[in-house]
Amino acid sequence: MLVYHLPGTFGTREADLDLLWTAGATGLEERAGIIRAYFDARTDLPPQVSDGDWREEADQDWLAEFKRTLRPVRAGRVTIVPPWLREEVEAGQLPLVIEPGMAFGTGHHATTRLAVEALSDLNLATLGPEGTGARVLDVGTGSGVLAIAAALLGARFAFGVDIDPITIPIARENAEVNGVPAGRVRFEEGTLGEDALTFPEEDVDAYDVLVANLYAELHDLLAGDYAAHLVPGGPLVLTGILTVKLPLVRAALEREGFGDVQETLDDEWALVTARA
Ligand code: SAM
């Protein structure tokens, strides 16, 4: 692997980055005060970026490297782990196994963790009709992590939808790995607004809990649909929200008549809960 090492950072050499791309760099990375530019072959570089040096480096298996860094993620009563760390889940915690792959939701993002914590706080096993367990809708399910967490936490069933079809077989596979029976969890391509989002086995289209890890602008657009798909008083759990965008989400929830709005912050990320 051929790497050109250029002293500096993306910030200090912003103007030079384009020169590297134009010269044929296939990737740029910044590490410890060095910009690393990946090339397929040595090439003449313009004088502005000629103060670096070429290095031949051993190829690295980035996926293996990434996998080595993963640790179990504790979120309320659930611990999210990749399959090879299952034995590290502490006694008393519910293991939720997610194979890191193409779909968002390994638990390592603050927003996923915040959402699982919020689900864990909801007593899903005792919500719902006659306390038989909550019916949960997960909008933007990705790896299925939130719907599967809901099922493990005692929800009667959880329905995960995503506009990206690539996520659906991944989410189904994750449900199977976690031993969640097909009747307790379902994943389909879809979104709010366009589709009725009826859970076919029970002919339900208003849910006891709605969780969505999307982003503030989309929460603003979908807030009316959230209200339409929740039973009166049903908890709404929203994340994927940058703290600077909280005013947009607060205004949308007020506009649609949600009450009891509460916020949990984690660095730059926020989770908002409210009641329909
Ligand atoms: N629920 C997972 C979690 O909490 O880790 C994944 C969340 S990921 C940040 C957002 C997911 O929402 C992506 O899989 C994306 O494809 C999906 N998505 C984006 N816009 C959507 C929409 N309008 N309707 C449904 N899903 C959407």
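Predicted model: local features only at pLDDT ≥ 70, side-chain atom pairs only at ≥ 80, totals over all residues.
Local features are given only where pLDDT is at least 70 and side-chain atom pairs only at pLDDT 80 or more, whereas totals for chains, interfaces and linings use all residues. Residues are numbered from 1 along each chain as its sequence is written, and side-chain values use heavy atoms, with hydrogens and water left out.

The chain is divided into domain 1 (2-59) and domain 2 (65-275), with bounds that come from an automatic or database domain assignment. Between the C-alpha centres of domain 1 and domain 2 there is a distance of 41 Å.

The ligand is surrounded by 16 residues, of which Thr-112, Gly-140, Asp-162, Thr-191 and Asn-213 are the closest; a residue is counted here if one of its heavy atoms lies within 4 Å of the ligand.

Among the pairs of N or O atoms within 3.5 Å, a polar side-chain atom of Asp-162 lies 2.6 Å from an oxygen atom of the ligand, and a side-chain N or O atom of Asn-213 is 2.8 Å from a ligand oxygen atom.

Definitions and conventions:
Polar contact = N/O pair within 3.5 Å; in protein donor to acceptor, adjacent residues only side chain to side chain.
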